[in-house]
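Open the model in your viewer and keep the selection tool at hand. The stops below say what to pick next and what is there.

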Amino acid sequence: MTTQNTKKLTLTSLVLMIFTSVYGFANMPRAFYLMGYGAIPWYILGALAFFLPYAFMMAEYGAAFKQEKGGIYSWMSASIGPKYAFIGTFMWYASYLIWQVNVASSIWIPLSNALFGEDRTGFLAIGGLNSTQVIGLLGVLWIIIVTYISSKGISWIKQVASVGGTAIMFLNAILILGGFIVLALNGGQFAEPIQTATRAFYQSPNPNYQTLPSIFSFLTYAIFAYGGIEAVGGLVDQTHKAEETFPKGVAIAAIVISIGYSIGIFCNGIFINWDTVLSNEGVNTANVTYIIMQNLGYELATAFGAGTSLALNIGNIVARLTGLAMFLALTGAFFTLIYSPLKQLIEGTPEKLWPGKLGALKNDMPLNAMYVQGVIVCVLILFVSFGGESASAFFNTLINMTNVAMTIPYMFLAIAFPFFKKKSHIHKPFEIYKSYGIALTATIIVTCVIGFANIFSIIEPALIKNKLMDTIFAAAGPILFSIIAYALYTQYERKYK
């Protein structure tokens with residue numbers, strides 16, 4: 001293997017990077033908390049109606065455009081046109097920019113759980129700074145470190161992302177193997193009994209998830225749990241033997257993730273009784289992952305005959321390991337997502353579209369753009385951390401605006417797929433969808449599913465929570481980002497075309 005190839009992504013590295021970008025371990029405990037076993041059919045539906053057909057589209061795109069550096073922008077541009085591609089990619093990138101601000105401040109919660117066994121971020125007051133301000137400064141330091149390391153090249157990003165992917169697989173091994181060991185040692189008895197399939201798998205034990213609107217909101221949650229696989233589109237040209245490795249990596253990761261989510265949710269019921277553990281007032285979606293994994297450690301130790309004191313200690317150790325693994329997984333995702341979306345936006349689009357030398361590349365990396373991105377994220381973090389309640393409210397508004405904007409580009413990619421299939425001059429070395437009719441059917445299904453999820457995400461705050469302004473801002477986000485993108489590209493066309 002040449003030196004150039006050794007620096008590129010192997011199949012294993014690619015799969016691990018997809019895991020860190022898509023597979024959220026916390027989605028399984030949260031799903032069980034919200035719906036019990038009843039989460040499984042919705043996750044299966046999300047996989048069959050959205051994730052698997054969508055992932056196979058990404059695999060075909062990636063294999064066909066193996067030399068393209070612009071990822072999803074290049075795919076959509078070649079299929080439909082550059083303005084369409086720019087609007088979808090810009091909207092998608094803007095969402096990940098806000099994601100960085102959010103995660104740079106929240107990543108310290110799993111680290112605190114790993115170090116102290118609980119979330120102590122609320123007590124991080126130093127000198128005259130309150131905890132929010134200290135976390136903000138830590139977030140800025142985090143962005144600086146991640147940007148600096150990422151700027152060294154794909155080999156550094158690959159190594160960190162691989163650690164994150166390995167941590168996720170380690171957590172899943174503990175959950176699934178630990179769950180089945182508890183089941184075997186307890187004589188096949190489930191902590192959450194399955195009395196009838198209808199009651200267990202189609203009815204939530206959570207009193208807040210009994211109505212049709214609340215169940216639809218969970219379906220939306222399940223669909224979005226599979227989002228993010230398009231982010232690795234910018235790594236196709238960094239993949240060794242991309243026409244073979246990329247589609248194979250996407251297919252393997254998609255199938256494993258689809259199966260893994262359902263098995264993981266099922267395993268929660270082996271050692272967790274919903275009414276006994278999860279109905280307590282202090283349990284919420286922020287801490288339920290640690291509570292469930294702590295309970296797994298306790299039940300596993302008890303099943304082996306340990307006393308109460310030892311079992312509690314083992315439970316605490318498992319909870320801390322969960323915090324460490326989730327911190328490493330978020331770190332891996334951060335290194336992938338601080339680079340890949342920006343790479344696709346900058347390297348796919350014309351360099352003259354960007355002011356100054358923002359679109360220039362150094363050592364095959366968009367270094368100038370990475371540094372500018374880092375400054376923007378740091379400024380936003382400081383504004384939110386030191387700006388008081390009005391700044392916090394502003395950031396919550398930004399999150400509402402980007403939640404939908406992050407997933408609408410999935411529809412852009414799906415809609416472009418039939419056009420891509422029609423382009424006979426594009427060489428397609430890997431094809432799952434052998435006929436245009438099958439490709440069109442898959443496109444309609446994926447687009448309708450994502451369309452439903454996005455529409456419901458927009459109306460849900462007003463429909464269920466009586467928060468009309470959240471609904472307005474959720475709808476305004478994609479519209480605003482589309483207008484900005486359209487204006488930028490139109491200005492470029494007038495100036496250079």
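**Stop 1: Phe86**

Select Phe86, which sits in helix α6 (residues 82-106). Helices here are DSSP runs of H or I with at least four residues, strands are E runs of at least two, and both are numbered from the N terminus. This is a predicted model: local features need pLDDT of at least 70, side-chain atom pairs count only at pLDDT 80 or more, and totals for chains, interfaces and linings use all residues. Residues are numbered from 1 along each chain as its sequence is written, and side-chain values use heavy atoms, with hydrogens and water left out.

Is Phe86 buried or exposed? Phe86 is buried, at 0% relative accessibility. Buried means under 20% relative accessible area, exposed means over 50%, and partly exposed lies in between (1.4 Å probe, protein chains only).

Now show what touches Phe86. Neighbours within four places in sequence aside, its contacts are Tyr73, Leu345, Thr349, Leu353, Trp354, Ala485, Leu488 and Tyr489. A contact means heavy atoms within 4.5 Å.

**Stop 2: Ser217**

Move to helix α11 and pick Ser217. Ser217 counts as buried, with 9% relative accessibility. Which residues does Ser217 contact, leaving aside neighbours within four places in sequence? They are Tyr209, Phe456, Glu460 and Ile464.

**Stop 3: Lys241**

Next, select Lys241, in the loop between α11 (212-224) and α12 (242-271). Check its backbone: phi is positive, about 50°, although Lys241 is not a glycine. Most residues other than glycine have a negative phi. Lys241 is partly exposed, with a relative accessible area of 49%.

**Stop 4: Cys267**

Go on into helix α12 and select Cys267. Cys267 is buried, at 0% relative accessibility. Leaving out neighbours within four places in sequence, Cys267 contacts Leu175, Ile176 and Phe180. Draw a distance from Cys267 to Gly178: the C-alpha atoms are 8.7 Å apart, across 89 residues of chain.

**Stop 5: Helix α19**

Select residues 408-422, helix α19. Where is the kink in α19? It lies at Ala416, shortly before the proline Pro418, and comes to about 30°. The bend at a residue is the angle between axes fitted to the seven residues ending there and the seven starting there.

Colour the helix by burial. Twelve of the 15 residues of α19 are buried, so the helix is largely enclosed by the rest of the structure. Among them are Ile408, Tyr410, Phe412, Phe417 and Lys421. Ala416 and Pro418 are buried as well.

**Stop 6: The whole chain**

Zoom out. The chain has 21 helices and zero strands. Its C-alpha trace spans about 75 × 60 × 55 Å along the principal axes. The radius of gyration is 23 Å, which agrees with the value near 23 Å for a compact globule of 497 residues. That radius is taken over C-alpha atoms, and the globule rule is 2.2 Å times the number of residues to the power 0.38.

Of the 497 residues, 55% count as buried. Take contacts between residues at least 6 apart in sequence: 82% join residues at least 24 apart.

Last, switch to the surface. The accessible surface is about 20,900 Å², and 64% of it belongs to carbon and sulfur atoms. Such areas come from the Shrake-Rupley method with a 1.4 Å probe; for residues, only the protein chains shown count as cover.
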